[in-house]
Structure formats: C-alpha cells, structure tokens
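Please have the sequence and the model at hand.

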Amino acid sequence: MKKLYVILLSFLLVSFIAPAANSNDNPFELVRGVADALFKRITAEQQQIVENPEVLRVVVTEQLAPSINHKYAAAMVLGPYYRVSTEEQREAFYDAFQKYLVATYAGILTLYDDQQVVFEPAYPIDGQKIVVVKTRVLDEGKPDIRIDFKLRKNSKTGEWSAYDMIAEGVSVLDSKRAELQNLIRQQGIESVTHLLLEKAEKPIVKKDLGN
C-alpha cells in the first residue's frame, strides 16, 4: 500500500515542477512557487473538481502543460529509439506523451487532500546544470515520504525545468523509460504513441488508494 501511495504522490508532485513565470531562474524558488500556486488553485476549485474530475484536466492543461518540459523528458524516455525514429514519429510521440502526462497528472491530483509539502533548504548551485531539490510529504497518520526533483538548466535561456523525480529512491523517469522502451521494442514507436493517446483520452476519475 505504501509503495502505491508513494508512486501516486510522485506523479502528483511532479506536476508542481512546471516552470513558473517569474521564478524559473532559480530551481528552488521554482519548485516552491509552482507548488504553492497549484495547491491554491485546486483548493479554490475543489467543489467543481468533486462534482466533475475533468476540471483537473483543464487545470493541468491551462496552468502546467504550457510550461512542462515534456519534450526533453519524452526524448529521454525514447532513449536509443530517438536516433532510429523519424522527426515526424518523434513529434507525434512528444504530443502523445504530453497528453498522457496531462491526463495522468489530472487523475493523480484527485488524490490531493491538503497534504503538506516541506522543502529542504537550498544550497549553492554555482555552475551546476543539474540540481536536485529535496522535499518531504507530510500526511497525518502516515510516514513521511521523501521526494527529490531533478531539474536541468537550459544553457541558452538560463531557465530551469524539471525532467525527473525520485520518490524514496525510485526514479519516475527510469520507470517510464523501462516500461515504454520495452513496448517500443515489441510494438514499435507508432503503436506506443497510439497507446499513449488512448490512455490520455480516458475520462478523469477520482482515484482510490485502495485500488
């Protein structure tokens, strides 16, 4: 049960790491600022979300999707299949992967129930292009969950964006990479792209930690 809980919260929290309009030059402020803004919006629209979970798809699409670095994450998921795929296949995969992430985040956000996130102190990052921001999720009656976010600095713009997270030692990116590369090897990239779109189009429903 704890493993499931950690995985679900992991997907939930990675949504909070989209670049914010005014703080993506500092990875620590970025994580905190986006998390605060998203929690506030969900809290404000909670009644509508309870009545219609599809509202969360709109929230994610409008507030997070435009600024998530989904192409970089999708390219890493493709791994060796990046070089052997055509540009058209990659663009279709990126689009499907983004829609899949939006639907996944929206579904997992139905679990949000006022959990508290504690941000570990920032540290000097001079010259670093990869930074790990450490957090802990506090939920009354449950053990603390450690979740680390990996952010990458764009060498051209100087802006930071998240591309992976590690929940209690388990990398979400590595997990999706292993899963989808195996499917691509068996079925091909176009089949997996179609599969992602099928999953993305399913209705958003409230999740239950018990199933």
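**Helix packing**

The model is predicted, and local features are reported where pLDDT is at least 70. Two packed helices are described by the angle between their axes and the distance between the axes. For helix α5 (residues 70-78) and helix α7 (residues 172-187), the angle is about 55° and the axes are 8 Å apart. Angles of 65 to 115 degrees would count as roughly perpendicular and those under 35 as roughly parallel, so α5 and α7 are oblique to each other. Their crossing is right-handed. On the α5 side, the contact is made by A73, M76, V77 and L78. Helix α7 contributes L173, K176, R177, L180, Q181 and I184. Sorted by class, the contact of α5 with α7 has seven nonpolar residues, one polar residue and two charged residues.

**Aromatic pairs**

How many aromatic pairs does the count come to? There are two aromatic pairs, with the geometry given in the table.

| Pair | Distance between ring centres | Angle between planes | Type |
|---|---|---|---|
| F28 and Y123 | 5.1 Å | 75° | edge-to-face |
| F93 and F97 | 6.0 Å | 15° | stacked |

The planes of F28 and Y123 are at 75°, so this pair is edge-to-face, the cut-off being over 60 degrees. F28 lies in helix α2 (residues 27-44), while Y123 is in the loop between β1 (116-119) and β2 (130-138). The two residues are 95 residues apart, and their pair links distant parts of the chain. F28 has a relative accessibility of 11% and therefore counts as buried. Y123, with a relative accessible area of 33%, is partly exposed.

The planes of F93 and F97 are at 15°, so that pair is stacked; the cut-off for stacking is under 30 degrees. F93 and F97 are in helix α6 (residues 87-109). Because they are four residues apart in this helix, F93 and F97 are separated by about one helical turn. Both F93 and F97 are buried.

**H70**

Is H70 buried or exposed? H70 counts as buried because its relative accessibility is 14%, and the limit for this class is under 20%. H70 is placed in helix α5, the helix that packs with α7. Leaving aside residues up to four places away in sequence, H70 touches Y94, F97, Q98 and L101. One of these residues, F97, is also a member of the stacked pair with F93.

Methods. Residues numbered from 1 in each chain as written. Predicted model: local features only at pLDDT ≥ 70, side-chain atom pairs only at ≥ 80, totals over all residues. Heavy atoms only, no water. Axes fitted to C-alpha atoms, helices over the stretch in contact; angles between N-to-C directions. Parallel < 35°, antiparallel > 145°, perpendicular 65-115°, else oblique. Left-handed = near helix turned anticlockwise from the far one by under 90°. Contact = heavy atoms within 4.5 Å. Nonpolar A, V, L, I, M, F, W, Y, C, P; charged D, E, K, R; others polar. Phe/Tyr/Trp six-rings, centres within 6.5 Å; stacked < 30°, edge-to-face > 60°. Buried < 20%, exposed > 50% of the residue type's maximum accessible area, 1.4 Å probe, protein only.
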